[in-house]
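Let's walk through this structure together, one element at a time. Keep the viewer open and follow along as we go.

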Amino acid sequence: VKITVILTTFNKRKNLEMTLTSLENQTNQDFEVNIIDDFSTDDTLDFCKDYIFSSNMSCRYIRFEKPGYSLPIMRNVGAEMSRGSKGR
């Protein structure tokens, strides 16, 4: 895996679903997806559990257990969790 796609979300389940569908339709799938959830209160958690179980993409879901993290922190967590080449 050379590329990590980091998706941050907060109560945007429908947008997340559309983005993941778009990623699934890519011809080159040499990437992983890290979904970082800032404690969504909609059905994002259940959607992600089901999606990761049924998807053929390399996908990981990280959920913060309290709301209010800043977007840069969420992106940094997504980057730290990546399995990409890390500059090698």
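This is a predicted model: local features need pLDDT of at least 70, side-chain atom pairs count only at pLDDT 80 or more; totals for chains, interfaces and linings use all residues.

Residues are numbered from 1 along each chain as its sequence is written, and side-chain values use heavy atoms, with hydrogens and water left out.

Which residues of H2 are buried? They are Thr44, Phe47, Cys48 and Tyr51, where buried means under 20% relative accessible area, exposed means over 50% and partly exposed lies in between, with a 1.4 Å probe and protein chains only. These residues lie on the same side of H2, because they cover an arc of only 95 degrees around the axis (the arc is that of the directions from the helix axis to the C-beta atoms). Asp50, Phe53 and Ser54, on the other side of H2, are exposed. A general rule of helix geometry is handy here: an α-helix has 3.6 residues a turn, so residues three or four places apart point the same way.

Now turn to the strands. S1 and S2 run parallel and are joined by 7 bridges, two strands being paired if DSSP finds at least two bridges between them. In this pairing, Thr4 stands opposite Glu32 in S2. From S1 the chain crosses through H1 to S2, a right-handed β-α-β crossover; right-handed means that, with the strands pointing away from the viewer, the path from the first strand over the helix to the second runs clockwise. S2 is also joined to S3, by 6 bridges, and these two strands run parallel. Glu32 stands opposite Ser58 in S3. The β-α-β crossover that takes the chain from S2 through H2 to S3 is right-handed.

Leaving aside residues up to four places away in sequence, Leu20 touches Leu7, Val33, Ile35, Phe47, Tyr51 and Met57.

Met74 and Val77 bring us to H3, where they are buried along with Gly78. These residues are on the same side of H3, because their arc around the axis is only 100 degrees. S1, S2 and S3 are among the elements that cover them. Met74 is also one of the contacts of Thr9, a list that includes Leu16, Ile36 and Asp38. Thr9 itself belongs to strand S1 (residues 3–9) and, at 5% relative accessibility, counts as buried.

How many disulfides are there? The count comes to 0, a disulfide being a pair of cysteine sulfur atoms within 2.5 Å. Cys48 is in no disulfide, and the nearest cysteine sulfur, that of Cys59, is 7.2 Å away. Cys48 is buried at 1% relative accessibility, and Cys59 is buried at 13%.

Asn11, in the loop between S1 and H1, has a phi near 55 degrees, a positive value in a residue other than glycine. In the loop between S2 and H2 sits Phe39, which is not a glycine either and has a positive phi of about 60 degrees. For context, most residues other than glycine have a negative phi. Asn11 is partly exposed at 28% relative accessibility, and Phe39 is partly exposed at 25%.

Conventions: Helices (H or I, at least four residues) and strands (E, at least two) are DSSP runs, numbered from the N terminus. Contact means heavy atoms within 4.5 Å.
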